[in-house]
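Dear colleague,

I am passing on the structure we spoke about, and I would be glad if you could look through it with the notes below at hand.

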Amino acid sequence: MIVFSGCLLWWKGGYLFLPEVLNEWLGFLAGLNLRSLVRLFKKNEKRKVKLMQEKKRQRILLGVSGGISAYKIPVLVRLLITNGFEVQILLTKKAKKFVSPVVLETLTGRTAITSLFSKSVLTKEDGWTKHIHISEWADMFVLAPATANTIAKMAHGFANDPVSLFFMAFGKAKPRLIVPAMDGEMFNSAFVQRNIEVLRSDGVCVLNPEFGELASGLVGLGRMPEPQTIFTEIQKKTSICGNKWKGKKVLVTAGATREKIDPVRFISNFSTGKMGYAFVSELLQHSVQKVILVTGKTNLKKPEAPNVLCIEVESAEEMYKAVSEHFSSVDVFISTAAVSDFKPKVIYEKKQKKTSMNDIVIELSPTIDILREMGLKKINQQVLVGFSLETEYNEQNAIKKMVEKNCDAFILNVLSRESGFETNTNKGTMIFKDGSRIILPLMTKRDMAAVILDHVLPLIVGNK
Ligand SMILES: Cc1cc2nc3c(=O)[nH]c(=O)nc-3n(C[C@H](O)[C@H](O)[C@H](O)COP(=O)(O)O)c2cc1C
């Protein structure tokens, strides 16, 4: 074989055209001796091992409870396994009636846990019986389908089957997802909705059921989403979002402020803090380094996790002080609090009595604009997200506010029966500095927090 310096190859008595890339590769090989080839091979192998170590397989603890849609679970497991996840199955006693442990064991290559007292659960180490080590092992907990019964057990702290026990022992800082599936009337019942709300407020993600034909033959909201949809949600909650939020510090303000008139009265608004708390729950699913929540008075349960600092404040002034103290250390500031725009000029020391039927006049002065102040302090790497609740849709006004306050994104909410104050749902428009916008259709506040965070991620320097 003769290799010409150009691109022609003399082979079996004729010329062949040799593409440039191939030509270079052959020349490279011709220059190598056996020893350097072995070295190259070894180096490649080492690189492969290093890459495999770096890319640790994500481990999913997949609980299955006794609903008809459990028949779809082998497809979900197959999707997870072929995409590099390790899966450990937990089955309730009733789940075994709907899906065979043998099928799931064959797909996962692991013994399915069907009892708290099975050998695979009760392993011994240094003389100790490690019955909850599987919760430590996994990176994410998923329950699909989540029956009304198992949801109730999880919401109320029962732990008498492998699913509820390992759920309880699972760390709050790791993502937990439930996929409720049941008859439409059951799903809409006050019991199920209350229990789901308990789990949500505890930081559990809920993938809502879909509308469609149900096992009962009826049509309604209760159908378990297809395996591909659940798989995408798991993927989102583990590797993709998880890694990108890792190490980030986020400051969130929530709730209403109170501006005192006298020792027993104040000026405030109807904000419940649900939107801000939804951000905290969602961020905790993404392995952030720290969440600092500065909250006005709310009836919501304060988030408890080692990486959450919760600061309770009352007035706009107090909120400003707490935010200012922590602002310089964070990557992202999400301002959802409904900060009072005005405060009484004078705070009476004693309760003002109704001594006559005369009007009384309270003079008001503007409070400090926290978002604007942080916009002034903001350095390039920091991302500022503002919220504005209006009584009418006015995008131009929202854009003006966003620019004035030096925000990177602004969410415009319009007050209605189903969005804004005292609701579990919200809708609006997310507007960005570059003029682009996305519509946020009616959804739960938790889902909205997830969507907004997905759009905030690319704004953080280094994530582009
Ligand atoms: C045919 C059939 C289908 C069922 N499908 C569901 C369902 O989709 N969702 C649900 O919450 N319960 C469903 N149930 C009721 C549960 O199986 C029952 O509440 C059981 O106690 C759940 O136990 P587990 O949560 O421990 O798995 C179904 C029951 C039967 C007989």
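What follows is a short account of what was found in it.

Please keep in mind that this is a predicted model, in which local features need pLDDT of at least 70 and side-chain atom pairs count only at pLDDT 80 or more, while totals for chains, interfaces and linings use all residues. Residues are numbered from 1 along each chain as its sequence is written.

Confidence comes first. The pLDDT (the predictor's confidence in each residue, from 0 to 100) averages 84 over the protein, and 83% of the residues score at least 70. Over residues 1–7, however, the pLDDT is below 50, and this stretch has 9 contacts beyond near neighbours in sequence, where a contact means that two C-beta atoms, placed from the backbone, lie within 7 Å. Residues 20–32 also stay under 50, with 5 contacts beyond four places in sequence. Where pLDDT is low, the predicted coordinates should not be read in detail.

As to the overall fold, the protein has 15 helices and 24 strands, these being DSSP runs numbered from the N terminus (helices H or I, at least four residues; strands E, at least two). Of its 464 residues, 38% are buried; a residue is buried if 20 or more other C-beta atoms lie within 10 Å of its own, exposed if 12 or fewer, and partly exposed in between, with C-beta atoms placed from the backbone. Among contacts with a separation of 6 or more, 66% join residues 24 or more positions apart.

In α4 (residues 101–108), the buried residues are L104, L107 and T108; because they cover an arc of only 90° around the axis (taken from the directions from the helix axis to the C-beta atoms), they lie on the same side of α4. V102 and T106, on the other side of α4, are exposed, and the cover over its buried residues includes α3 (73–82) and β5 (86–91). G109, which follows α4, has a positive phi, near 75°.

In α13 (residues 370–377), I370, L371, M374 and G375 are buried, and their arc of only 140° around the axis puts them on the same side of α13. The buried residues of α13 pack against α12 (316–327), β18 (332–335) and β21 (383–390).

Finally, there is the ligand. Of the 15 residues around the ligand (C-beta atom, placed from the backbone, within 6 Å), G66, G67, T92, T147 and M182 come nearest.
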